[in-house]
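This briefing covers strand pairing and side-chain charge pairs. Please read it alongside the sequence and coordinates.

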Amino acid sequence: MKTSQLLEKIKKDLEKYQEIMKKEPADFKLNKLPGEVKDIHKTMSQYNQDNFPEIMNSASEDYNGEVDVEDLKDMEARIDHYFQLHGSGDDEFKEFIKGISIYLTFIARKPLHPPGITFSNKTTVYETDGVFYCTGKKMFIRDELSLCKYCICQSSPADTPP
C-alpha cells in the first residue's frame, strides 16, 4: 500500500474527531487519574493533540513510500490487544489512538511516545542528534504483542538518557 493511500484512509477515519477536538480536547478524562499517572496521560494526550492537526493538514501527495500491509494489520492487532488489556472499553478512543499511532509509525516516522516523557518506572524517550531512543524498549519489546516492534525508537545504548 502506498503511504499516500494510508494517509488518506487515516484522515478519513479521523475526520469525525475534528469537532470533538475543537470542543473537548483529548485530556478531558484525566482529572480522575492519580498524580503521576495523570501526568503521563496528560503528556500523551498533548502529543496526540499536537499530531492530530498535522495529520489532518498533511497532503497525501507529499508521501510516496510503501507500507507493508501485513505489518499494518499486525500493528492494528497489537493496538487492539493493548486496549483489551488496558483500555476503558471506549472504542472511539481506541480508534482515535489507532489512527494517530499508525500515522506516527508508517508515515511521520515519529516515536509512539513523545520525546521527553518519563514513565513511572523511570524509563524515558529522548532524542540525540536526530535519533530517537527509548530506555525501556529492550524490556518492553519482550511483552506479548508489544507495539515497540513498530516504534522508530532505538534501544538506548546504556538504557539511560545522556
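Is Lys94 buried or exposed? Lys94 is buried, its relative accessible area being 17%. The model is predicted, and a search of the whole structure gives 10 salt bridges.

**Helix 4 and helix 5**
- Lys94 forms a salt bridge with Asp80, with an N to O distance of 3.5 Å.
- This pair links distant parts of the chain, since Lys94 belongs to helix 5 and Asp80 to helix 4, 14 residues apart.
- Asp80 counts as partly exposed because its relative accessibility is 26%.

**Within helix 4**
- Arg78 and Asp74 form a salt bridge at 2.7 Å, N to O.
- Both residues lie in helix 4 (residues 69-86), 4 residues apart, or about one turn of the helix.
- Arg78 is buried at 11% relative accessibility, whereas Asp74 is partly exposed at 22%.

- In the salt bridge of Glu54 with Lys110, the closest N and O atoms are 2.8 Å apart.
- Glu54 sits in helix 3 (residues 35-57) and Lys110 in the loop between helix 5 (91-108) and strand 1, so the pair links distant parts of the chain, 56 residues apart.
- Glu54 has a relative accessible area of 29% and is partly exposed; Lys110 is also partly exposed, at 23%.

**Hairpin**
- Strand 1 (residues 125-128) and strand 2 (residues 131-134) run antiparallel and are joined by 4 bridges.
- Glu127 has Phe132 of strand 2 as its bridge partner.
- There are 2 residues between the strands of this hairpin, in which Asp129 takes a positive phi near 50°.

Notes:
Residues numbered from 1 in each chain as written. Predicted model: local features only at pLDDT ≥ 70, side-chain atom pairs only at ≥ 80, totals over all residues. Heavy atoms only, no water. Pairing = 2+ DSSP bridges. Salt bridge = Lys/Arg side-chain N within 4 Å of Asp/Glu carboxyl O. Buried < 20%, exposed > 50% of the residue type's maximum accessible area, 1.4 Å probe, protein only.
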